[in-house]
Structure formats: C-alpha cells, structure tokens
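Let's take a walk through this fold together. Have the chain in view and follow along from the sheet's surroundings to its strands.

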Amino acid sequence: MNTPDIKIVTGIRRSGKSKLLSAFAGYIRSVDSTSNVIEIDLTKLRFEKLKEYHALNEYVEKQYKDGVNNYLMIDEVQLCKGFELTINSLHSEERYDIYLTGSNAFLLSSDLATLFTGRHIEIHVFPFSFKEYCTYFEIAESNMQEAFTDYIQVGGLSGAYPYSRTSDREKYIRDVYETILIRDLVEKYKLGNPTMMKRMSHYLMDNIGNISSSRNISGRFIADGVETNHKIIGRYIDYLCNAFVFYEAKRYDVKGKTYLQSLSKYYLADTGIRFAELGKRNMDWGRMLENIVFIELLRRGYEVYVGKLYQKEIDFVAMKGGDKVYIQVSDDISVETTFKREVQPLLQIRDAYPKLLLARTRNEETDYEGIRIVDIPRWLLSVQ
C-alpha cells in the first residue's frame, strides 16, 4: 500500500485474483476510513463504456478526490484497448495508488516492463494451499491425513469447492482448463488447432517431475506420428508457462554451485487439473506430492531448482535471500531400501545448509544424521 508502484496481480485463471482485489479494497476502507477507492471491473456491463482508454482515463479523473488517499483498482484491465496509455498517464501524475488484474495472455511477466513505463510490482497468486483448503473446510487436525488425500485430487481451485459431487467439481476444473487453452492461448497466439496444445499439456501432466527438453519431447511426438519439431514444442511450453498452467524448475549443480541451462522439470499449477483431465491413469503419487511441495515452495517465496550432485538428483534446492535448503520428497519411506535411496543424495552434500526429507510418514518430525524427516501434511500446515 501507498508505494509509487503499479501493482499487478497475476496467476492462473480462477485462482482468485479478482476476489483478492475486492477483499483488499475492503481492507483499505477499514484502515483508512477517508480513503477514496475507485473500483472498476471491466467484465461488468456498467463499465462497458470504459473499454476505450480515453473514456477510462476521463472516468478515473472524475472519481478523484482531493485531500485523501486515492486508490485505483481495475479488474481485467486488458479489456480496455490501449489500457497501458491510461495507466502510464495516471501513474505519472503520482496521485493514485494503482492495482491491476488481467488475463495472463495480455499481461505476461515478460511484457510488463514494455507495457508500463513506471516501476511495477508483480504480485503472484497461486491456487489455495493445503493450509487454506483446511481453513476453508474447517478441517480438524485429527482429520488432517484424510483431508490431504482429498486435497491432492481436488486441488486448490476454490471455485470447485461449492460442488458436492466429484463429477461436478471436475467439470468445473476442466472448463477452467479449456478456457485457458482456447481463449488465453490458442486465440491469443492464433494457433488454429487446439489439439496440439492439449496434447502438449497432457504430455507434461503425464511427465510431472521427469527431466525434459523440447528436443526429447519433440522426438517422442514425431515417433508417435505427430508432425512437429523442437522449436514448436519449445514455444508451446512457453505458452503454457506464460499462462501459469505449468512452472519450470531448472537444474542447479550443487557441487559446482552453478545453474545449468540444459534440461528442466515442469510442474502443474494445481494437481486438481491433472485429476480432472486425466483421472488416475499412469498415476504416480510420489510425483503428485513432489508437485505440491514445489508449488508450496514458490508460494513461500523460494526460488526452486532441481539439484544435481555427481550422478544423483536432489528433488529441490530452494533458495531465498541467503538461505538454502535441500529437499527430497517421497510417498512412502517405510521400506528400508526406499529410505536409504532418498537420504543418500542428502548425506553426500558437504555444506551446512539444512536438509529435509518430506514424506507421508503420518508421524511427528524425526531426525536422521542431521536430516529432518517431516510428514508432508504437517509441513504444509507449518508456519513459515
């Protein structure tokens, strides 16, 4: 609040960006009773005339009040043609605290510096965390484990929560997913045929947590008779990441402390999308847990990489400021051979940064040779 930046709320479609903006407007009024909050939702018919940047500018200027803090909040700003001209003009006047949401296809992170001449801050919204899921459904700690199993499949797109039947929840999520593919991607990039985009997305869903590259993916597609190449595949992956359907985890050499450019992993914004689209086919519960941990680390403000140490892999190297933590994720470590396999890469790391093994232990936290072993649902509910 009250910083001279344009605040831009981003995140996957239906993650709650508009609700967040509305709730924040209510918060401002509660702490600054004299404030003037100008709220514009360009999806509403009463703001139809503001979908032209001169009209939008004129409306905002008429709503301005002298002697108080003026807050401007515009939802789905991209529906106004030339919106950036109005926003830049209003921002240059230094009279408004400005907040925006918009379609990810039109407010790409890579485009923000070009669109806005003033300094901007990107505020990223993720689907509901497990902790938020438990708060929403008022789940008691005694029911935490069962609730987590449900959360893996239902996910964090809270617009699906009011539906009591699984089929209705999944239909809602599929509709959101289809809207992203068709309206945000196929139409935006004039792809013509949505089949390839859907096929690409399904491939990444089926290969969550696997090392991938545009070359090896295109090779797989070509072997299946699909006419494509690595450049096309690379573009489609970029589109899906731009719309926040997937997030890329690049590799980090733990020994050399260097970032590696080749090969990455891709994680889905929300596991509920995977279940709604593909059901339980080729299901790997360990990969779903890995996905949830990855998104939670992003939610907690970490930069997250896939660790490489000699010929072994560490699921995640999470960094924030000067802090670093090494993390392994597993579904079941009750079998001795599995446990040894998971801790071995962590034991080979020679620096003093924390090491963490997250698994579905269903028990209190323990320690093994300096490695914290924590039950995943408990970790997700912990205060960070």
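A word on exposure before we start: a residue counts as buried under 20% relative accessible area, exposed over 50%, and partly exposed in between (1.4 Å probe, protein chains only). By that scale Val 31 is partly exposed, because its relative accessible area is 47%. Keep in mind that this is a predicted model, where local features need pLDDT of at least 70, side-chain atom pairs count only at pLDDT 80 or more, and totals for chains, interfaces and linings use all residues. Residues are numbered from 1 along each chain as its sequence is written, and side-chain values use heavy atoms, with hydrogens and water left out.

Val 31 sits in helix H1 (residues 17-31); helices (H or I, at least four residues) and strands (E, at least two) are DSSP runs, numbered from the N terminus.

Now to the sheet. Five strands make an open sheet in the order S2-S3-S4-S1-S5, paired in parallel, where pairing takes at least two DSSP bridges between two strands. Strand S2 (36-41) and strand S5 (120-124) are the edges, each with a single partner strand, so one side of each has no neighbour in the sheet. S2 runs parallel to strand S3 (residues 70-75), joined by six bridges, and Ile 38 has Leu 72 as its bridge partner in S3.

What about the helices packed on it? Helix H2 (residues 53-63) lies across S2 and S3, at about 155° to S2. Contact here means heavy atoms within 4.5 Å, while axes are lines fitted to C-alpha atoms, for helices over the stretch in contact, with angles from 0 to 180 degrees between N-to-C directions.
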